[in-house]
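Hi,

Here is the structure I promised to pass on.

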Amino acid sequence: MAGRGCAHAPRARTHARTTCLLLTPRQQQAMAAPPPPPLLFLPPPPADAPSLPVLIAARYGPRPPRLQRLGPGAAPPGGLRPGAPLPALRTPAGALLAGPGPAAIFLSPPALLGARPPQAALVRQWLAFAQGELAPAAAILERGPEE
């Protein structure tokens with residue numbers, strides 16, 4: 001009796017000692033299919049130095065993104081204005097995060113983002129420093145001295 005009628009009506013029923021959550025077929029299908037992985041848009045080399053923190057976060061994160069490297073002169077992904085910072089990340093919900101900082105935070109494992117507000121603030125401070133100070137310096141070193 002506990003399973004009777006459980007798959008067809010969108011309401012909950014209590015049977016003896018069990019509660020059966022009744023879902024519509026569409027709700028059942030949505031719960032069965034995992035959401036698509038995030039999609040990470042990467043700039044072409046040699047402009048890909050800012051992508052390194054994002055790729056590191058993705059390596060240790062709970063769900064690796066699909067990678068799409070944009071070719072030189074390629075149009076930015078839909079929803080991203082021309083000239084917006086890359087890398088950019090499209091979340092499973094469809095939001096588009098531009099720049100390495102937001103993408104790295106989204107992809108990082110929760111344990112590395114700080115358990116309490118002071119720790120989380122220090123993590124964000126470090127990411128901002130890395131993006132604003134270290135990434136440009138690394139890009140200059142990668143290109144070599146100007147002649």
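**The pocket and what surrounds it**

Helix 4 gives the largest pocket the largest share of its lining, eight residues. (Helices are DSSP runs of H or I with at least four residues, strands are E runs of at least two, and both are numbered from the N terminus.) One caveat before the rest: this is a predicted model, where local features need pLDDT of at least 70 and side-chain atom pairs count only at pLDDT 80 or more, while totals for chains, interfaces and linings use all residues. Residues are numbered from 1 along each chain as its sequence is written, and side-chain values use heavy atoms, with hydrogens and water left out.

Back to the pocket: its volume is about 440 Å³, meaning the space filled by probe spheres set on grid points that are joined across faces, edges and corners. A pocket here is an open set of points on a 1 Å grid over the protein atoms alone, where a 1.4 Å probe fits, with protein on both sides within 12 Å along at least five of seven lines; lining residues have an atom within 4 Å of a point. There are 22 lining residues, and Pro 53, Ile 56, Trp 126, Leu 127 and Ala 130 lie nearest the centre. Helix 2, helix 3 and helix 4 each supply at least two residues of that lining.

Now helix 2, residues 52–60. Val 54, Ala 57 and Ala 58 are buried there (buried is under 20% relative accessible area, exposed over 50%, with a 1.4 Å probe and protein chains only). They sit on the same side of helix 2 because they cover an arc of only 100° around the axis, taken from the directions from the helix axis to the C-beta atoms. These buried residues pack against strand 3 (39–42) and helix 3 (100–107). On the face turned away from them are the exposed residues Leu 52, Ile 56, Arg 59 and Tyr 60.

Which residues does Ser 108 touch, leaving aside those up to four places away in sequence? Ala 57, Gly 61, Pro 62 and Leu 113, where a contact means heavy atoms within 4.5 Å. Ser 108 lies in the loop between helix 3 and helix 4 (117–143) and is buried, with a relative accessible area of 14%. A polar atom of its side chain is 2.6 Å from the backbone oxygen of Ala 104.

For the overall picture, the protein chain has four helices and six strands, running β-β-α-β-α-β-β-β-α-α from the N terminus. Buried residues are 29% of its 147 residues.

Cheers

Methods: Polar contact = N/O pair within 3.5 Å; in protein donor to acceptor, adjacent residues only side chain to side chain.
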